[in-house]
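Hi there,

Here is the structure I promised to pass on. Have a look at it first, and then read my notes below.

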Number of protein chains: 2
Amino acid sequence: MINFADISSAYNVLLPVINKTPLLSSRTFNEMTDNEVYFKAENFQRIGAFKFRGAYNKIASLTDAERKSGVIAHSSGNHGQGVALASKIFGIKATIVMPHNSVKSKVEATKGYGANVIFCGLSTDDREKTTQELIDKHGYTLIHPYDDEKLIAGQGTVGLEIFQEIKELDYLFVPIGGGGLISGCAIAAKHYCPSTKVIGVETEGANDCYQSFRAKRLIKLSSVNTIADGMRTLSVGKRNFEIIMKHVDDVITIKDEDIYSMMRFFFERMKILVEPTGAVAPTAIMKNILGLQGKKVCAVISGGNVDMTFFKQLL
Amino acid sequence: MINFADISSAYNVLLPVINKTPLLSSRTFNEMTDNEVYFKAENFQRIGAFKFRGAYNKIASLTDAERKSGVIAHSSGNHGQGVALASKIFGIKATIVMPHNSVKSKVEATKGYGANVIFCGLSTDDREKTTQELIDKHGYTLIHPYDDEKLIAGQGTVGLEIFQEIKELDYLFVPIGGGGLISGCAIAAKHYCPSTKVIGVETEGANDCYQSFRAKRLIKLSSVNTIADGMRTLSVGKRNFEIIMKHVDDVITIKDEDIYSMMRFFFERMKILVEPTGAVAPTAIMKNILGLQGKKVCAVISGGNVDMTFFKQLL
């Protein structure tokens with residue numbers, strides 16, 4: 001299992017290339033929720049989401065020979081863009097396997113960073129089969145979206161930045177997809193401020209980690225149904241789950257419909273664009289699922305890559 | 001004419017109540033424009049625009065008797081909201097005179113801060129007549145939207161914050177409506193870094209200050225036509241023009257149509273919401289009106305209060 005030193009090393013690697021994202025706050029939101037709330041704005045990260053951190057740290061750790069052969073990732077969203085941009089910076093070849101029904105803007109963005117996009121079927125099996133075939137044929141190195149130590153260490157720098165700026169927190173809310181972000185952030189939180197309660201947040205329609213956390217064993221869902229596309233993993237990773245069981249204090253869920261009001265608040269009151277997955281952890285504070293009062297809390301906004309057609313409908 | 005000491009005093013008054021807004025940057029925008037560009041994000045200010053600063057500083061300077069009688073402002077937009085919120089904080093009565101065709105969301109926001117909204121006709125004469133009648137009847141104190149020393153000192157704290165964070169700049173771009181923001185910012189800029197060129201930006205359809213600056217006398221337009229509603233003043237104020245002639249290096253114009261691409265860039269790439277007037281100064285950099293290269297430049301984003309119907313159309 002990785003520890004804080006791995007996150008600290010990752011930060012040295014990342015510092016020249018990432019955006020140090022701000023902690024935002026809103027007097028209105030504080031009054032609404034009766035807590036002192038900070039939002040870690042990873043929607044301002046390069047590629048518009050935290051995923052760039054882990055992808056870059058992983059690619060930086062490859063051997064010259066591995067980098068020369070190129071890398072591959074399967075992703076319908078931000079991980080693919082993170083790998084694509086990190087590869088572009090290193091000047092290496094990236095292949096991103098995307099479901100054939102992927103949102104056009106995400107395909108364009110991934111191509112825009114110079115990656116080669118290969119389409120596949122919609123199931124996880126399809127994705128993995130297509131990816132494995134390309135690896136066998138070309139010798140690419142797989143950049144896993146969450147179950148990887150270098151990747152987790154990179155995502156953990158989100159937590160490192162929060163505590164470097166804010167020192168102490170009562171609660172830290174982090175969204176859970178595959179578990180890369182929360183496992184890294186939990187290690188950083190417990191390093192800087194062991195009393196901070198780290199709370200994972202999922203949507204009700206993709207509550208695999210909520211179930212796994214209670215069962216104390218990794219549960220894999222057969223299907224998920226949520227607007228938060230970053231949550232559509234059937235289970236968290238093995239490495240991630242180990243860290244979650246050790247460092248995370250609770251996992252809770254919120255409703256998809258509440259994400260919309262949170263996104264609207266961000267847009268109309270705070271003037272920032274947040275994607276559905278990015279609004280999941282803040283929604284847990286807005287709906288005050290834990291009944292907190294007078295606490296110093298932070299929620300990670302994981303990203304801001306909203307499909308414009310969807311966003312127009314939301315407005 | 002006010003000087004930097006007035007701005008510094010205003011900052012002491014404002015510090016407990018304002019948001020210290022961030023300087024944002026974008027690697028993509030820097031590459032596109034071949035300059036090192038910072039955006040002062042006053043769309044993150046309370047009420048969503050810089051106007052809160054000046055309004056609060058002015059109301060803070062009133063006598064107890066004046067505050068007890070209440071204040072009045074005429075505004076279809078952000079100034080009204082600034083006066084309304086500042087008045088709410090001081091616990092005094094505010095009356096805002098708004099044209100009867102004002103955008104509903106702005107009327108609601110102004111009322112939301114507890115102000116009494118009175119509607120009037122569309123012409124400047126109508127507004128002033130309605131306002132004067134209310135002053136005569138109730139003894140309200142007028143909070144002018146730009147031609148006022150306390151107000152200018154308050155808006156100047158935008159410039160103070162920029163230079164406290166960034167120390168040196170080659171160019172500072174500021175939008176010009178009535179001239180409150182640019183006159184305050186120019187005084188701050190020349191105090192901290194006399195070599196900084198301060199550039200005022202207007203839209204072609206509301207280029208009164210562009211004309212006045214060249215003619216070296218205050219020119220009043222008979223009409224204006226621009227999407228940037230904060231620019232729809234027929235001339236800058238007398239006090240503002242004096243400061244502009246002393247401290248501003250040039251006034252330039254941009255086209256309305258270019259504002260849209262700048263707003264889109266802010267939204268899609270930087271994940272922030274900027275109103276048309278707020279995008280005017282950044283547009284001058286995007287279109288590189290001055291042909292700059294390798295310069296350290298900053299543009300003030302004056303606000304982020306976009307009407308949602310308009311924004312949907314833009315998307």
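**What I found**

Let's start in chain B, where B:Glu161 sits in helix H8, the stretch covering residues 149-166. Keep in mind that this is a predicted model.

Is B:Glu161 buried or exposed? Its relative accessible area is 0%, so B:Glu161 counts as buried. Its side chain has a partner there: B:Glu161 and B:Lys40 are joined, side chain to side chain, by a polar contact of 2.7 Å. If you skip the neighbours within four places in sequence, the residues in contact with B:Glu161 include B:Tyr11, B:Ile18, B:Asn19 and B:Arg53. B:Lys40 is on that contact list too.

You'll find it in a loop of chain B, between strand S10 (296-301) and helix H14 (308-314). With a relative accessible area of 12%, B:Asn305 is under the 20% cut-off, so it is buried. Which side chain does the side chain of B:Asn305 make a polar contact with? That would be A:Lys271, at 2.7 Å, so do show chain A as well when you look at this spot. Leaving out neighbours within four places in sequence, B:Asn305 also has contacts in chain B, among them B:Ile47, B:Gly48, B:Asn78 and B:Glu275.

Over in chain A, look up A:Ile135, which is part of helix H7 (residues 124-138). Its relative accessibility is 16%, so A:Ile135 counts as buried. Beyond the neighbours within four places in sequence, A:Ile135 is in contact with A:Ile72, A:Tyr140 and A:Leu142.

Now zoom out to chain A as a whole. There are 14 helices and 10 strands in chain A. Its radius of gyration is 18 Å, close to the 20 Å that the globule rule gives for 315 residues, so chain A is as compact as a globular protein of that length. Along the principal axes, its C-alpha atoms fill a box of roughly 55 × 45 × 40 Å.

Of those 315 residues, 61% count as buried. What about contacts between residues at least 6 apart in the sequence of chain A? Of these, 73% join residues at least 24 apart. Chain A exposes about 12,200 Å², and carbon and sulfur atoms supply 46% of that area. Finally, chain A has 37 positive and 33 negative charges, and their mean positions are 3 Å apart.

Cheers

Technical notes:
Residues are numbered from 1 along each chain as its sequence is written. Chains are lettered from A and ligands numbered from 1 in the order in which they are written. This is a predicted model: local features need pLDDT of at least 70, side-chain atom pairs count only at pLDDT 80 or more; totals for chains, interfaces and linings use all residues. Side-chain values use heavy atoms; hydrogens and water are left out. Helices (H or I, at least four residues) and strands (E, at least two) are DSSP runs, numbered from the N terminus. The radius of gyration is taken over C-alpha atoms; the globule rule is 2.2 Å times the number of residues to the power 0.38. Buried means under 20% relative accessible area, exposed over 50%, partly exposed in between (1.4 Å probe, protein chains only). Contact means heavy atoms within 4.5 Å. Accessible areas come from the Shrake-Rupley method with a 1.4 Å probe; for residues, only the protein chains shown count as cover. Lys and Arg count as positive and Asp and Glu as negative; His and the chain ends are not counted. The place of a charge is taken as NZ of Lys, CZ of Arg, CG of Asp or CD of Glu. A polar contact is a pair of N or O atoms within 3.5 Å; within protein, one must be able to donate a hydrogen and the other to accept it, and residues adjacent in sequence count only if both atoms are side-chain atoms.
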